[in-house]
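Hi,

Here is the structure I said I'd pass on.

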Amino acid sequence: MSDFDVNAYLLRCAALAEDFAGNVLRPERQLPSELYSAMRYSFFAGGKRIRPALAYAAAEAVSGDGTSSIPFGVAIEMIHTYSLIHDDLPSMDDDELRRGKPTCHVKYGEAMAILAGDALLADAFAMLTEEGMAGRYPADTLIKCIKEISLAAGGVGMVAGQAVDILSEGQTLDLPALEFLHTHKTGALIRASVMTGGLSAKASASELEALGRYADRVGLAFQVADDILDVVGDTETLGKPVGSDEGLSKATYPSVMGLAEARKRLVELIDEANEFTIPFGERGEPLRAIATFVGSRNN
Ligand code: GRG
């Protein structure tokens, strides 16, 4: 059993990401202030920052130092925040609570919430193409990372997953359809986090291959865990209402394969993910610890 302190690691990565994001989302240079407060309200609402941590851990696995991943992890966290703001809207999941706080549209109104999400998405790419970035990373690394992130966020990635999710409400999905939904809606940004972390640290082709396989398992595991939590979690630790999937008649792992099988599948996915970190030796420990955390999280 490893004595790696994953909670301390996640807190450290979150602090690094939030410091960096604090500079990107500087209030004093941004108008109109209502839009800006809505963006900052949701971004700094206290998420786990798993995506920046995965990017950091992937860079660390490759080079021994995660610092190169930070702008990419933050860009992905901005996009993740936009997706949560839009997902909570009345026209989508219609949720009033997120990260234990009123959702963006409840606090700022629907129009400002839509705009805050739009701005977070576009500003993530603006940040990655700022002048300082060109001095810090080779052009081909930047382009590869931006490609990973834009594909993961868009119509062949997260948005495709969200569309399938909405279109399939009230329908029975089989396992392959459910897997498509999850690997796109949630898995795509998780994969982009790991891949851009690796790319930022100059990973070789074989290292990227191993990271991709790890990320695919963790991305799916993340959503399987989320589905399980929606059945067995409680609103207080989760920071959002439980049973919301069932309320919307959404297909989930427990509804398709039963709770016990879903739990078994989760353990398998984490074991497989961890196998793919073996080539990184000791440096892969944070990746392994985060995968294990994803498999056992309670919020
Ligand atoms: C609106 C285009 C668009 C996409 C929305 C990701 C997503 C797609 C919706 C989120 C719905 C949801 C609750 C999915 C379950 C898995 C998930 C992404 C949970 C939230 O991510 P965490 O646990 O959240 O990393 P924190 O708050 O820690 O950042």
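**The core and the rings**

In the largest nonpolar core there are 88 residues, and Met78, Tyr214 and Ile290 touch the most other members. By nonpolar core I mean buried Ala, Val, Leu, Ile, Met, Phe, Trp, Tyr and Cys residues joined through side-chain atoms within 4.5 Å; buried is under 20% relative accessible area (1.4 Å probe, protein chains only). Helix α11 (residues 205-232) supplies the largest share of this core, 12 residues; helices here are DSSP runs of H or I, at least four residues, numbered from the N terminus.

Keep in mind that this is a predicted model: local features need pLDDT of at least 70, side-chain atom pairs count only at pLDDT 80 or more, and totals for chains, interfaces and linings use all residues. Residues are numbered from 1 along each chain as its sequence is written, and side-chain values use heavy atoms, with hydrogens and water left out.

Then there are the aromatic pairs, five of them (ring centres of Phe, Tyr or Trp, its six-membered ring, within 6.5 Å; planes under 30 degrees apart are stacked, over 60 edge-to-face, the rest tilted). Tyr41 and Tyr108 are edge-to-face, because their centres are 5.5 Å apart and their planes at 65 degrees. Tyr41 and Tyr108 are both buried. Phe72 and Tyr137 have centres 5.1 Å apart and planes at 70 degrees, so they are edge-to-face too, and both are buried. Finally, ring pairs join Phe4, Tyr9 and Tyr56 into a cluster.

Cheers

Definitions and conventions
Buried means under 20% relative accessible area, exposed over 50%, partly exposed in between (1.4 Å probe, protein chains only). Helices (H or I, at least four residues) and strands (E, at least two) are DSSP runs, numbered from the N terminus.
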